[in-house]
Amino acid sequence: MASTLVAAADYTVDDLIATLRVTGPWWFCLTEHLKDPLGDPQLAQLLAAQQRTLHELAYTAELPTELFTVDLSGEHELSVAASLVRQRLSQANRNALEACVDKSLALLHGGAQRVRSIRRQPTATTGRVSGLFSSSGGVPKQQLTAATIEPRGLAGDRQRTRRHHGRAWQALCLWSAEVVDTLHAEGHPIQPGFAGENISVAGLDWNDVLPGAQIQIGTMVCEISLYALPCAKNAQWFIDADFERMHHRREPGISRVYASVLEPGVVSQGDAVVLS
């Protein structure tokens with residue numbers, strides 16, 4: 001399948017830096033469910049290529065190579081000094097930054113393909129779209145019956161702030177209808193669409209919807225990138241404002257997930273959702 005990953009040339013500087021900052025956690029989340037990720041030759045090669053890519057950027061932009069150390073032993077954040085990058089952002093450095101992001105995303109996409117081939121198979125591979133949601137900014141999002149999915153996400157959907165949102169690898173936010181039902185049954189005043197998800201999915205074991213998973217919905221294909229971290233703007237939907245209740249480290253299979261769009265298309269409520 002020919003994917004349509006958004007080119008780094010179309011990223012803002014903030015998007016480029018934010019993407020590099022999550023490269024380490026992304027690799028960790030992608031491989032943490034494997035028994036020995038570095039024992040797989042293909043994954044080891046991809047990680048080595050990722051390290052070389054980051055070091056090439058550090059050398060070109062005259063940044064300390066320590067800022068770009070990638071380690072699969074823990075979920076840490078790449079401490080890219082944004083102000084330092086901006087101070088040295090000549091056109092040549094901008095080009096180097098874009099090349100680094102393009103290579104990193106391609107390597108992560110390759111890593112996802114490899115992980116899908118060696119990770120345990122999902123317990124259920126078919127579900128359905130139970131809800132589609134969009135807004136002009138903020139939550140809750142409003143329900144739709146159908147939506148066009150573009151490379152940067154659901155057409156017409158906006159984020160009020162892009163500090164932690166809006167990158168191409170955050171094109172879509174997906175969540176489980178069953179998880180929302182469980183939270184609601186606990187007494188939390190949450191409903192589908194309230195936490196900012198674009199697509200509510202029913203029928204899948206959400207423990208299987210992991211970074212690297214590929215999902216076809218309608219004519220659209222996406223790839224899970226990272227878990228969506230809880231946001232304080234969602235505190236209103238939780239008892240005692242405990243919005244951390246949906247953190248992936250607090251309980252497996254509870255978190256919303258972000259996805260990159262591989263193949264744009266049209267999605268409708270009730271469409272089949274196929275997980276691989």
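Buried means under 20% relative accessible area, exposed over 50%, and partly exposed in between, using a 1.4 Å probe and protein chains only. By that scale Ser 260, at 9% relative accessibility, counts as buried. The model is predicted, so to speak of local features requires pLDDT of at least 70, side-chain atom pairs count only at pLDDT 80 or more, and totals for chains, interfaces and linings use all residues. Residues are numbered from 1 along each chain as its sequence is written, and side-chain values use heavy atoms, with hydrogens and water left out.

**Around Ser 260**

Let us stay with this serine for a moment. Ser 260 belongs to strand β9; helices (H or I, at least four residues) and strands (E, at least two) are DSSP runs, numbered from the N terminus. Contact here means heavy atoms within 4.5 Å. Setting aside neighbours within four places in sequence, Ser 260 is in contact with Leu 5, Ala 168, Trp 169, Val 221, Cys 222, Glu 223 and Ser 225.

**Aromatic pairs**

Rings of Phe, Tyr and Trp (its six-membered ring) pair if their centres lie within 6.5 Å; planes under 30 degrees apart count as stacked, over 60 as edge-to-face and the rest as tilted. That rule gives two aromatic pairs, listed here.

| Pair | Centre distance | Plane angle | Class |
|---|---|---|---|
| Trp 26 and Trp 169 | 5.7 Å | 50 degrees | tilted |
| Phe 194 and Trp 237 | 4.5 Å | 45 degrees | tilted |

Trp 26 sits in helix α2 (residues 23–31) and Trp 169 in the loop between β4 and β5 (172–176), so this pair ties together parts that are 143 residues apart in sequence. Trp 26 is buried at 6% relative accessible area, and Trp 169 is buried at 5%. For the other pair, Phe 194 lies in the loop between α6 and β6 and Trp 237 in the loop between β8 (220–227) and β9 (257–263), so parts 43 residues apart in sequence are tied together. Phe 194 is partly exposed, with a relative accessible area of 22%, whereas Trp 237 is buried at 9%.

**Helix α2 and the cysteines**

**Gly 193**

Gly 193 is buried, with a relative accessible area of 0%. Not counting residues up to four places away in sequence, Gly 193 touches Phe 133, Pro 140 and Lys 141. Its C-alpha is 9.5 Å from that of Val 180, 13 residues apart in sequence.

Two strands pair if DSSP finds at least two bridges between them. Three strands form an open, antiparallel sheet in the order β4-β3-β10. Its edge strands, each pairing on one side only, are β4 (153–154) and β10 (265–268). Strand β3 (residues 146–150) is joined to β10 by four bridges, running antiparallel. Ala 147 has Val 267 in β10 as its bridge partner.
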